[in-house]
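Reader: I am new to this structure and would like to understand the words used for it. Could you take me through them?

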Amino acid sequence: MAKDLNYVCTECGATHSKWSGRCDACGAWNTIQEEAPLTSGPGAKALGAQRGRKLVLTDLASTPEAPPRTVSGVAELDRVLGGGLVAASALLVGGDPGIGKSTLLLQAAARFARGGLKVIYVTGEESAAQVQMRAQRLGLTESPVTLAAETNLRDILTTLDAERPDLVIIDSIQTMWSDKVEAAPGSVSQVRTAAHELTSFAKTRGIAVIMVGHVTKEGTLAGPRVVEHMVDCVLYFEGERGHQFRILRAHKNRFGPADEIGVFEMTGKGLAEVKNPSALFLSERDTASPGSVVFAGIEGTRPILCEIQALVSPAQPGQTRRSVVGWDGGRLAMILAVLEARCGVSFAGLDVYLNVAGGLRIGEPAADLAVAAALISAREDSALPVDCAIFGEISLSGAVRPVAQMENRLKEAAKLGFTQAILPQRPKRRAGADMAAGLDLREMRDLPGFVDTVFGLAPGERE
């Protein structure tokens, strides 16, 4: 009897009934490969034939113990992890090639080892000598970290079971291969099996495991999404190659807040943590210029001020461009439509370029008002005050809606020396509260009022 085969896309992990040149799920070409399925286990008749062990049931009202954590000493890393490394946890770290994932994890391994943990660093992409050379360049040779260069998952688990370390770093999960699966290393089946084996090993042996994952050209973790569901924490290491800033962002964390970020700076001696990210992102902003606006945002639990830059220029006939870096392009199109429909500010026949300075990526809708201000400032060639911070969400009706943690945003702006802030209208129960002493607050009810008040554009003067 012929063996059944699956056809799996190596780009997104989608399963197909037959081979085709293009994946219907992600649209990638020549990524569908033929793979043998995983074992299906016992047949339906065997279900219940043998008695299993009885599960341990726990009352919901019982108070659980907080998971023990180990602090690395790197404040930015500990913040993203939710306060430190949890024993018997599985973590997945992804990022673009060359962004600094191996450097970050090698520095973290050295810190944890100096703190008393037994750390093993397993590399499948480099030799042990290459890792030693990187450690020498970073000044980490005195750290008691044990290295191993291996891709055979069975040998790795056997060694870890004998050594019983406290922390294991696997660099990377795509290079691991298991002899249980008839597929090439890096395939969907191999990645899924290796991640499952390592996660199960972490839970049963009480060992923390950090796995490095490759990313696709779209910036998402390669392999099946089920791998992200297996692990306890998914971290992305982000940054632009043209900037020295790097951001470690938690997309999933069972032991702490998601969307928390840690900011690092790439130096000649490795990654250095940034104590005050807001001051760093605004370090090159000393004079007011058209199209430049400071946005008071929230990343995780931390308020961060950053600069949003806009440029508006005449376009070639029939060739208008909308280019965005660090923000959602679809949301930019929405803001432009609201400005034209509700405020009479048209960008037809104009090229629009939007950029978040410093390589930061903004995902919250609270940046809507700051983006609208930058666009109008660039269009009218009118600069806003350099000491003014802006935030607020814009609805399709043109209303400016309140956002979360307004107090923390204003306090961060006041701490950095800002004297003005433009924000949504506060609820009545908060209207009398002193949210940030020393700030001149201007509350906006809707976008047309904002355009008229800040830029002095009456409805008849907006064309």
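Author: Gladly! Two strands count as paired if DSSP finds at least two bridges between them. Please keep in mind that this is a predicted model.

Reader: What makes strand S11 (residues 233-238) and strand S12 (residues 245-253) a pair?

Author: The cut-off is at least two bridges, and S11 and S12 have 6 bridges, so they pair, in the antiparallel sense. Within this pairing, Tyr236 stands opposite Arg249 in S12.

Reader: Why is strand S7 (residues 119-123) called largely enclosed?

Author: Buried means under 20% relative accessible area. In S7, 5 of the 5 residues are buried, so the rest of the structure largely encloses this strand. Val119, Tyr121 and Thr123 point one way, while Ile120 and Val122 point the other way.

Reader: Which strands does S7 pair with, and how do you know?

Author: S7 is joined by 5 bridges to strand S8 (residues 145-149) and by 5 bridges to strand S9 (residues 167-171). Each count meets the cut-off of at least two, so both are pairs. S7 runs parallel to S8 and parallel to S9. Ile120 stands opposite Thr146 in S8 and opposite Val168 in S9.

Reader: What makes S8 and strand S14 (270-273) edge strands?

Author: The open sheet has 9 strands in the order S8-S7-S9-S10-S6-S11-S12-S13-S14, with mixed pairing. S8 and S14 each have a single partner strand, so one side of each lacks a neighbour in the sheet. On average, neighbouring strands of this sheet are turned by 25° against each other, direction ignored.

Notes. Residues are numbered from 1 along each chain as its sequence is written. This is a predicted model: local features need pLDDT of at least 70, side-chain atom pairs count only at pLDDT 80 or more; totals for chains, interfaces and linings use all residues. Side-chain values use heavy atoms; hydrogens and water are left out. Buried means under 20% relative accessible area, exposed over 50%, partly exposed in between (1.4 Å probe, protein chains only). Helices (H or I, at least four residues) and strands (E, at least two) are DSSP runs, numbered from the N terminus. Axes are lines fitted to C-alpha atoms, for helices over the stretch in contact, and angles run from 0 to 180 degrees between N-to-C directions.
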